[in-house]
Amino acid sequence: MRWLKMHTEHALDCVNLVPIFKSLPLDEKKAVAGLVVQHQYPKGTIIYLAGDQVGHFMILEHGQVKLSQISESGKEQLLKVMQPGDFDGEAALFSHDQRNVTATALVDSNVCQIDQGAFQSLLKSSPQLAVNLLTTMSQQINNLQEEKTVSSTSDVAGQLAKYLLETSASLHESSFKLPLKKKDIATFIGTTPETISRTFKQLIADGVIKMTASLVEIVDQDRLTDIV
């Protein structure tokens, strides 16, 4: 893992990925940007473990990060795949809670991090930032409820298409190696490995993608988008 102090414009780009910051006046965004430190995590790196102190607010600038936890049976349970623009560690803004999940870089990833103490000091000096934060966190709760409804009603092909498009966008490649195994994709989507395999085969038969082992090529992005 490497960490780098970011130039202001680069830090602003990272800050603008987060809705709670994007709507702030420029001077307040620059204040937030001044707190940002970039960390580079090679594929497979554990960014933090369940049980670690939260300590910082994390913005995924580039790459993919999986959030997982260990079930009572000892198996890894995939909870979320973070995409560029996603953020994690909201608890760090208000408390000294511990992480309840483990974060692992699925591909080479760049993460913007803001230290807990520095951000809390900024919140005290910027009531508008605090208001925006609370508003956005409320919206996140609504979005999670909507996503739960969508995931229960959307077909597997649509959810798989969404995952492939997000992965392609994250890697900036139309041809890529799947960061997750098929069984993990099935867990993430909420279906069985057999169903995922059948869905991949159907996408191949329809000429939407090509696939060799874990290597995927998106042949028709428009049709894949229509499936979502």
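K66 has a relative accessibility of 13% in this predicted model, and because buried means under 20%, K66 counts as buried. Its salt-bridge partner is E76, at 3.2 Å from N to O. E76 is partly exposed, with a relative accessible area of 41%. K66 belongs to strand β5 and E76 to strand β6, so the contact ties together parts that are 10 residues apart in sequence.

The structure holds four salt bridges. Three of them are listed here.

| Salt bridge | N to O distance |
|---|---|
| K66 and E76 | 3.2 Å |
| R99 and D88 | 3.0 Å |
| K183 and D184 | 3.5 Å |

R99 sits in the loop between β7 (87-88) and β8, and D88 in strand β7, so this pair ties together parts that are 11 residues apart in sequence. Both R99 and D88 are buried. In the remaining listed pair, K183 is partly exposed at 47% relative accessible area, whereas D184 is buried at 16%.

Strands β5 and β6 also take part in an open sheet of four strands, ordered β3-β8-β5-β6 with antiparallel pairing. Its edge strands, β3 (46-48) and β6 (76-82), each pair on one side only. On average, neighbouring strands of the sheet are turned by 30° against each other, direction ignored. Within the sheet, β5 (residues 65-70) and β8 (residues 102-105) are joined by four bridges, and S68 stands opposite T102 in β8.

The mean pLDDT of the chain is 84, and 87% of the residues score at least 70. Where pLDDT is low, predicted coordinates should not be read in detail.

Conventions
Residues are numbered from 1 along each chain as its sequence is written. This is a predicted model: local features need pLDDT of at least 70, side-chain atom pairs count only at pLDDT 80 or more; totals for chains, interfaces and linings use all residues. Side-chain values use heavy atoms; hydrogens and water are left out. Two strands pair if DSSP finds at least two bridges between them. Helices (H or I, at least four residues) and strands (E, at least two) are DSSP runs, numbered from the N terminus. Axes are lines fitted to C-alpha atoms, for helices over the stretch in contact, and angles run from 0 to 180 degrees between N-to-C directions. pLDDT is the predictor's confidence in each residue, from 0 to 100. A salt bridge is a side-chain nitrogen of Lys or Arg within 4 Å of a carboxyl oxygen of Asp or Glu. Buried means under 20% relative accessible area, exposed over 50%, partly exposed in between (1.4 Å probe, protein chains only).
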